[in-house]
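Subject: Structure for your review

Dear colleague,

Please find below the structure that I am handing over to you. My findings follow it.

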Amino acid sequence: MSARADVVVTGTEVLTGRVADRNGPWVAEALRRAGVDVGRVVVVGDRTEDLASAVRYLAQDADLVITTGGLGPTADDLTAEVVAGVQGRAASVDDALEARIAAVVARLGARRGWHADPVATAAGTRKQALVPRGAEVLEPVGTAPGLVVPVAPGRTGPPVLVLPGPPSELQGMWPAAMASPLVRAALTGAATLHQETVRLWGVPESELAATLRGLDGSAAADLEVTTCLAGGELEVVTRFAPAQRAAYDALVAAVRAAHPVFSDGPRVDELLAGALDARGWSIATAESCTAGLLVARLTEPAGSSVRVLGGIASYANAVKTAALGVPAELIDTLGAVSAEVAVAMASGVRERLGADVGVGITGIAGPGGGSAGKPVGTVHVCVQSPQRSVSRELHVPGDRAGVRERTVRIVLQLLLELVEA
């Protein structure tokens with residue numbers, strides 16, 4: 001059995017969605033690479049009892065509990081005190097640590113030109129230097145130190161690894177945290193855990209489920225299989241121990257035999273980048289309803305400056321005409337949302353930017369603008385290469401953001417097929 005760690009992400013701003021949780025997924029993947037199983041990532045607000053309850057709950061069957069956030073100088077930064085209480089340890093100010101934090105704060109203030117109240121600054125620094133008795137201190141990457149807090153003598157339970165909330169500080173502190181003797185002792189059962197992904201296109205989740213049910217139950221019993229459907233792309237993520245490699249290979253073979261698998265891991269934009277580079281082709285986009293979302297995806301893979309010449313967000317009809325050369329009479333006759341306009345946009349951007357591959361996207365993302373003949377979600381796309389041109393009329397479900405995001409996914413798949421043909 002692999003060692004297990006569970007994670008508590010703190011912060012009312014994360015709980016309410018004002019700030020996306022970047023720490024929970026990052027920590028879970030870092031632990032997975034270290035051979036540590038993660039069963040739960042819990043998000044709690046800045047309330048003492050909620051944090052204490054979460055730590056106590058996870059400590060029941062985890063070898064290590066990790067908290068992120070709540071180590072700053074303000075009143076809502078409660079983690080060090082709460083964890084000390086849960087672990088049954090008194091906390092006091094570490095004078096040497098306080099001096100080190102004060103030096104960091106002074107350097108930051110001088111660099112940024114701050115003129116902070118010295119009394120308030122000293123109080124905040126002292127708060128951050130609060131250390132539970134018997135805890136190991138992890139040196140600050142920013143201003144907040146990390147802590148490894150063992151349970152008090154006479155009690156049972158795992159140590160709690162207390163890490164800062166800013167992702168850059170947490171990630172910078174991670175190597176020291178994993179090198180901690182207390183953490184290493186807690187994770188002595190760590191073992192290799194493989195995680196692999198296959199990606200399918202245009203497959204309903206129900207059909208994949210039927211395929212998975214048809215596998216030999218004993219062969220697949222020890223595989224942890226997760227499926228996720230997003231915008232037409234279906235991910236199958238499997239975690240398994242090295243001894244289960246044969247079972248995983250059988251699972252992938254069954255999926256491949258039944259469904260169109262387009263990737264053994266890389267995302268479609270990464271595959272498209274490789275296909276464009278293999279041909280030595282460049283690409284340019286003309287986008288109306290997606291307003292630049294496609295070109296943003298195209299530039300995510302490394303080396304995009306070689307292949308992506310640029311994009312024109314031709315939202316207004318006047319821009320379609322002036323920047324792309326789409327005939328005004330074509331728009332007047334057929335409407336901006338039409339197959340012919342999408343073709344003209346793709347041709348225009350190829351010509352104007354000198355690209356090998358051009359894309360035209362025009363549609364109605366909503367919530368308004370639709371009609372009986374062209375309801376919200378109607379999108380016309382065209383992708384062109386030096387050899388051929390492919391057009392599609394799409395009827396994309398969802399709200400405005402969903403229509404735009406799914407359209408981009410569909411166009412990326414069309415482009416991959418076009419370039420690989």
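Thr67 stands opposite Val162 in strand 8. The model in which this pair is found is a predicted one. The two strands concerned, strand 3 (residues 64-68) and strand 8 (residues 160-163), run parallel and are joined by four bridges.

Both belong to an open sheet of six strands, whose order is 2-1-3-8-7-6 and whose pairing is mixed. At the edges stand strand 2 (37-44) and strand 6 (136-138); each has a single partner strand, so one side of each is left without a neighbour in the sheet. Ignoring direction, neighbouring strands of this sheet are turned by 15° against each other on average.

Helix 7 (residues 167-179) packs on this sheet, where it touches strand 3, strand 6, strand 7 (146-149) and strand 8. The direction of helix 7 makes about 150° with that of strand 8.

Strand 10 and strand 11 (residues 233-240) run antiparallel and are joined by seven bridges. Within this pairing, Thr226 has Val237 of strand 11 as its bridge partner.

**The chain as a whole**

The chain holds 18 helices and 17 strands. Its C-alpha trace spans about 80 × 65 × 40 Å along the principal axes. Of the 421 residues in the chain, 47% are buried.

Among the contacts with a separation of 6 or more, 70% are between residues 24 or more positions apart. The accessible surface of the chain amounts to about 19,000 Å², and carbon and sulfur atoms account for 54% of this area.

As to charge, the chain has 37 positive and 45 negative charges.

Yours sincerely

Note on methods:
Residues numbered from 1 in each chain as written. Predicted model: local features only at pLDDT ≥ 70, side-chain atom pairs only at ≥ 80, totals over all residues. Heavy atoms only, no water. Buried < 20%, exposed > 50% of the residue type's maximum accessible area, 1.4 Å probe, protein only. Contact = heavy atoms within 4.5 Å. Areas by Shrake-Rupley, 256 points an atom, 1.4 Å probe, with all protein chains shown as cover. Lys, Arg positive; Asp, Glu negative; His and termini not counted. Charge placed at Lys NZ, Arg CZ, Asp CG, Glu CD. Pairing = 2+ DSSP bridges. Axes fitted to C-alpha atoms, helices over the stretch in contact; angles between N-to-C directions.
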